[in-house]
Amino acid sequence: LGEVRCLMVLDNVLDGNWWRLRDLEFSGQRRSDIDMVLVGPTGVWSFEIKSFDGEFRTVGEQWERRVGTGWVTARNNPTRQVKRNAAALNHMLRTHDINQWITPVIIWANPESSLTVQNPEVPVWKVDELAAKLSNLHGRAILPSDRQERIIEVLESMYHSRGTSEPRRPDRGDL
């Protein structure tokens, strides 16, 4: 449900200058997939989308959830996960002679659950602010279209090897 919420926002905000890819898997790595990758004029973004129920907080890299009146370390650490996935994507692109920074972002996609963020090591965007965050990307440094096309070509080959039709461009938008 969280990924669907994010897709709806992406498809309504982004224009045909962007590519979005879902569930990008790396062969040979257990439990390693990137929920969403965005490639466009301002760069390459790796999104880890979380829809946890309950009350959570993150301070720096540490994630905790409320249990009763106290806090316990969360079983999953989205910060480590998105950083690991961005590094894996960067490494994979480098094997194709593409040296490209990957911006890791966590998207908190459950507006019914509580999240407190303090000094995050990576950006944490809430789904209700996703459209504004994406709109703010406009006007930043430009990633040349030939580099974008080369990155998409490499990522597309990952999908063809597993028989799916991703990636795709959003259909409409104003960014």
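R22 is partly exposed, with a relative accessible area of 25%, in what is a predicted model. Its partner in a salt bridge is E3, and the closest N and O atoms of the two are 3.4 Å apart. Because R22 belongs to strand β1 and E3 to helix α1, the pair ties together parts that are 19 residues apart in sequence. E3 itself counts as buried, at 18% relative accessibility.

## Helix α1 and its surroundings

Helix α1 covers residues 2–13, and at 1.5 Å a residue these 12 residues should span 16 Å, which agrees with the 17 Å between its end C-alpha atoms. Its buried residues are G2, E3, C6, L7, V9, L10, D11 and V13, and the elements against which the buried residues of α1 pack are β1 (19–25), β2 (33–40), β3 (43–50), β7 (102–108) and α3 (130–136).

The hairpin of β4 and β5 has two residues between the strands, and in its turn G60 has a positive phi of about 65 degrees. Strand β5 (residues 62–67) is also joined by four bridges to strand β6 (residues 70–73), in an antiparallel arrangement, where R66 is the bridge partner of W71. These two strands form a hairpin with two residues between them, and G68 in that turn has a positive phi of about 65 degrees.

Helix α2 runs over residues 78–94, and its 17 residues should span 24 Å at 1.5 Å a residue, in agreement with the 24 Å between its end C-alpha atoms. At the start of α2, a side-chain oxygen of N77 comes to within 3.0 Å of the backbone nitrogen of T79, and T79 is among the buried residues of the helix, which also include V82, L89 and M92.

E61 forms a salt bridge with K83, their closest N and O atoms being 3.0 Å apart. This pair links distant parts of the chain, since E61 lies in the loop between β4 and β5 and K83 in helix α2, 22 residues apart. K83 counts as partly exposed, at 32% relative accessibility, and a network of salt bridges links E61, R80, K83 and E121.

Terms used
Residues numbered from 1 in each chain as written. Predicted model: local features only at pLDDT ≥ 70, side-chain atom pairs only at ≥ 80, totals over all residues. Heavy atoms only, no water. Pairing = 2+ DSSP bridges. Expected span 1.5 Å × (residues − 1). Buried < 20%, exposed > 50% of the residue type's maximum accessible area, 1.4 Å probe, protein only. Polar contact = N/O pair within 3.5 Å; in protein donor to acceptor, adjacent residues only side chain to side chain. Contact = heavy atoms within 4.5 Å. Salt bridge = Lys/Arg side-chain N within 4 Å of Asp/Glu carboxyl O.
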